[in-house]
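Please open the structure in your viewer and keep the selection tool at hand. The tour below moves from one selection to the next and says what is found at each stop.

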Amino acid sequence: MTPWEMVAVFAAGVGAGGINSVVGSGTLITFPVLLATGLPPVTATVSNALGLIPGSISGAIGYRKELAGQRRRVLKLSAGALVGGLGGATLLLTLPSTAFERIVPTLVGLALVLVVLQPLISKRVRARRERVEGSARRDVGPLLLIGLTLASVYGGYFAAAQGIIYMSLMGMLLDEPMQRLNGIKNVLAAVVNSVAALFFLFAAHFDWTAVVLIAVGSALGGMTGAAVGRRFSPTALRALIVTVGTAAIVQLVLR
């Protein structure tokens, strides 16, 4: 990498760490930047997964107050996330790289749709809660566990917008404040990224320079995002994600 490319990757890591702790979709920031440095798509994905672990962990630590009293729930959902993340990582390395290059533009596109629809999803979730007030769901049922495990398979394969999928599922199937759910989301993302990364360490090619730059940047971004991310304009944040994600799709299609 050139010095300017290294600066860009580090800055993308900071942005991704902050976005992941608050919303999710940070991969839509780092992935296009890694592609722009010349890394192949699969190598970029593996390097990104390794680099985002510190950001996921720092984001979860930043939401430790919201996680209070949720230990049993988090452990149960984390078991599903671990299995799903390992399954997704296995698929990434088992399927041919040509399949990945065909699938990823579609996954990025679906992730962007979820980013755009997030306000509508949140509105529907709030409306549902108002209708069922007095019959709160606080236990993890089979539907939520299966849904989050499948979402973790997606996260282990390609992590863009996995946080939004987590929040949508939990928002519909658990009656808890969104910030408490956001804390769970950060833990699950950390579990998926960690198990996938451990698998990649022994079975995949990655770029250590990219990993270190994203790791340091995402750790800083995760702490900052957890502390001040709620002050950001949701509209501006979604616009940034959609813009960068669209650039990623164009670059993938034209490769």
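Is W208 buried or exposed? Select W208 in this predicted model: its relative accessible area is 52%, and because the cut-off for exposed is over 50%, W208 counts as exposed.

Next, select helix α2 (residues 27-36) together with helix α3 (residues 41-51), which pack with their axes 9 Å apart and at an angle of about 135°. That angle makes α2 oblique to α3, and the crossing in which α2 passes α3 is right-handed. To display the contact itself, show T27, T30, F31, L34 and L35 on α2, and P41, A44, T45 and N48 on α3; sorted by class, this contact has 5 nonpolar and 4 polar residues, with no charged ones.

Stay on α2 and centre the view on T27, which lies in that helix and counts as buried because its relative accessibility is 3%. Leaving aside residues up to four places away in sequence, T27 touches N20, P32, N48, L52, F158, A159 and A160.

Now turn to the aromatic rings, for which a search of the whole structure finds 3 pairs. One of them joins F31 and F158 edge-to-face, at 5.0 Å centre to centre and with 80° between the planes. This pair links distant parts of the chain, 127 residues apart, since F31 sits in helix α2 and F158 in the loop between α8 (142-157) and α9 (162-173). Both F31 and F158 are buried.

Finally, select F206 with W208, whose ring centres are 5.0 Å apart and whose planes stand at 85°, so this pair too is edge-to-face.

Key: Residues are numbered from 1 along each chain as its sequence is written. This is a predicted model: local features need pLDDT of at least 70, side-chain atom pairs count only at pLDDT 80 or more; totals for chains, interfaces and linings use all residues. Side-chain values use heavy atoms; hydrogens and water are left out. Axes are lines fitted to C-alpha atoms, for helices over the stretch in contact, and angles run from 0 to 180 degrees between N-to-C directions. Helices (H or I, at least four residues) and strands (E, at least two) are DSSP runs, numbered from the N terminus. Angles under 35 degrees count as roughly parallel, over 145 as roughly antiparallel, 65 to 115 as roughly perpendicular and the rest as oblique. A crossing is left-handed if the near helix is turned anticlockwise from the far one by less than a right angle, and right-handed if clockwise. Contact means heavy atoms within 4.5 Å. Ala, Val, Leu, Ile, Met, Phe, Trp, Tyr, Cys and Pro count as nonpolar, Asp, Glu, Lys and Arg as charged, and the others, Gly among them, as polar. Buried means under 20% relative accessible area, exposed over 50%, partly exposed in between (1.4 Å probe, protein chains only). Rings of Phe, Tyr and Trp (its six-membered ring) pair if their centres lie within 6.5 Å; planes under 30 degrees apart count as stacked, over 60 as edge-to-face and the rest as tilted.
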